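The stops below go from the whole chain to single residues.

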Amino acid sequence: MRIITGEYRGRRLESPIGYDVRPTTDKVKEAIFNLLMNDIWDAVVVDLFAGTGNLGLEALSRGANRCYFCDNSRESLNLIKVNIAKCTAQDKSVVLAGDYSKALGRIKEKVQVFLIDPPYKDGLYEKCLNQIDELDLLDEEGIIITEHGVHDPVPQQAGNLIKVKEKKYGKIMVSIYRHAAFVEAVQANDGEEQA
């Protein structure tokens, strides 16, 4: 497991022993960051089920301003801290211990990018999206990326957040959510340009 590109390119990250943590593959990680493109630059990012810190550190490497790494596993938290140190990214990193709900409640600023990769089949996607919406954490032009199994149900809409795109990579799906108002504004603007 390594950082693909950017400031920390090529840094090898510590991987978990055992199967409790399921790191995102390089192929899916590259696809996620291709979808994000310009959204990552100078962004506040939340890696919600951080595991190893793989996705959040890739975001920092590609120009994100700050990343909150959230996890409730002691082993994962230790792994995240080791990997942050390997990338010398301590000054841009905030590690939050506790479950996703507790972690989200501790974030006190607008977030441009959420990376959500919970344990598959735990049914946490809708709960996470609803809490992000209720706490009004997502920036008005922000983006949420969820990684899930192809057969895991994810909602079309959660509060004011709507799914705008999904992509399949083998047995993995990546779904993208944005504010409904932002999507409507973009569609209206596109309509005016075509007229």
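The tour starts with the whole chain and then moves to two residues.

This is a predicted model, in which local features need pLDDT of at least 70, side-chain atom pairs count only at pLDDT 80 or more, and totals for chains, interfaces and linings use all residues. Residues are numbered from 1 along each chain as its sequence is written, and side-chain values use heavy atoms, with hydrogens and water left out.

Select the protein chain and color it by pLDDT, the predictor's confidence in each residue, from 0 to 100. The average is 90, and 94% of the residues score at least 70. Confidence is highest in strand β1 (residues 44–47), at 98, and lowest in helix α6 (residues 180–194), at a mean of 77.

Switch to cartoon view: the chain has 6 helices and 8 strands. Helices (H or I, at least four residues) and strands (E, at least two) are DSSP runs, numbered from the N terminus.

Next, select Glu58, in helix α2 (residues 54–61). Is Glu58 buried or exposed? Glu58 is buried, with a relative accessible area of 0%; buried means under 20%, exposed over 50%, and partly exposed in between, with a 1.4 Å probe and protein chains only. Leaving aside residues up to four places away in sequence, Glu58 touches Arg2, Ile3, Ile4, Thr5, Lys29 and Phe33 (contact means heavy atoms within 4.5 Å).

Finally, go to Asp99, in the loop between β3 (93–97) and α4 (100–105). Asp99 is partly exposed, at a relative accessible area of 37%. Show the C-alpha atoms of Asp99 and Ile144: they are separated by 18 Å.
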